[in-house]
Amino acid sequence: MHDAHQAQGLTVMGFPCNQFGKQEPGSNEEIAEFARSKYGVTFPMFAKVDVNGANAAPLYEFLRQGAANEDGTSDIQWNFTKFLVDRTGAVVKRYGPKVTPEEIEAELSAHL
């Protein structure tokens with residue numbers, strides 16, 4: 001999705017988090033290399049962050065406030081939660097971990 005729509009202004013960004021079952025125990029460099037070699041990731045990968053709790057990154061506080069879970073709660077429930085943010089910086093939608101990039105792509109054209 002990043003490669004297909006980058007020229008139209010889309011940027012996918014990855015923020016590893018180790019708060020869910022300790023799935024990201026490696027260093028930032030190790031995580032980025034794994035994402036590149038295993039999944040072919042070409043989008044920017046940032047340093048590990050907390051997404052919930054007192055040490056949550058300000059970005060994730062903003063994202064959580066902008067789009068709640070289906071049950072109305074704001075905490076990120078599991079890795080691979082995704083957010084669509086429009087060109088003005090407004091949070092458009094939150095997607096659960098099981099939602100695929102292909103499913104998001106169907107809604108993307110309205111925001112490119």
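Mentor: Before we turn to this predicted model, take one term: a pocket is an open set of grid points with protein on both sides within 12 Å along at least five of seven lines.

Trainee: How much space lies in the second largest pocket, and which residues are closest to its centre?

Mentor: The space in the second largest pocket comes to about 250 Å³. Its lining is made up of six nonpolar, four polar and four charged residues. Of the 14 residues that line this pocket, those closest to its centre are N69, E70, R94, Y95 and G96.

Trainee: Why is the pair of F15 and F46 counted as stacked, and what is the angle between the ring planes?

Mentor: Five aromatic pairs turn up in a search of the whole structure. For F15 and F46 the ring centres are 4.6 Å apart, and planes under 30 degrees apart count as stacked. The pair is therefore stacked, because its planes stand at 10°.

Trainee: Where do F15 and F46 lie, and how many residues apart are they?

Mentor: F15 belongs to the loop between α1 (2-5) and α2 (28-39), whereas F46 belongs to the loop between α2 and α3 (58-66). Ring pairs also join both residues with Y60 and F83 in a cluster. F15 and F46 thus link distant parts of the chain, and their separation along it is 31 residues.

Trainee: Is F46 buried, partly exposed or exposed?

Mentor: A residue counts as buried under 20% relative accessible area and as exposed over 50%. The value for F46 is 36%, so this residue is partly exposed.

Trainee: How are the buried residues of α3 arranged around its axis, and which strands do they pack against?

Mentor: Y60, L63 and R64 are buried in α3. Seen down the helix axis, the buried residues fall within an arc of 100°, so they line one face of α3. The face turned away from that buried side carries the exposed residues P58 and Q65. The strands against which the buried residues pack are β1 (82-85) and β2 (91-95).

Technical notes:
Residues numbered from 1 in each chain as written. Predicted model: local features only at pLDDT ≥ 70, side-chain atom pairs only at ≥ 80, totals over all residues. Heavy atoms only, no water. Phe/Tyr/Trp six-rings, centres within 6.5 Å; stacked < 30°, edge-to-face > 60°. Helix = DSSP H or I, 4+ residues; strand = E, 2+ residues; numbered from the N terminus. Buried < 20%, exposed > 50% of the residue type's maximum accessible area, 1.4 Å probe, protein only. Arc of directions from axis to C-beta. Contact = heavy atoms within 4.5 Å. 1 Å grid on protein atoms, 1.4 Å probe; cavity = no way out; pocket = protein on both sides within 12 Å on 5 of 7 lines; lining within 4 Å. Points joined across faces, edges and corners; volume = space filled by probe spheres on them. Nonpolar A, V, L, I, M, F, W, Y, C, P; charged D, E, K, R; others polar.
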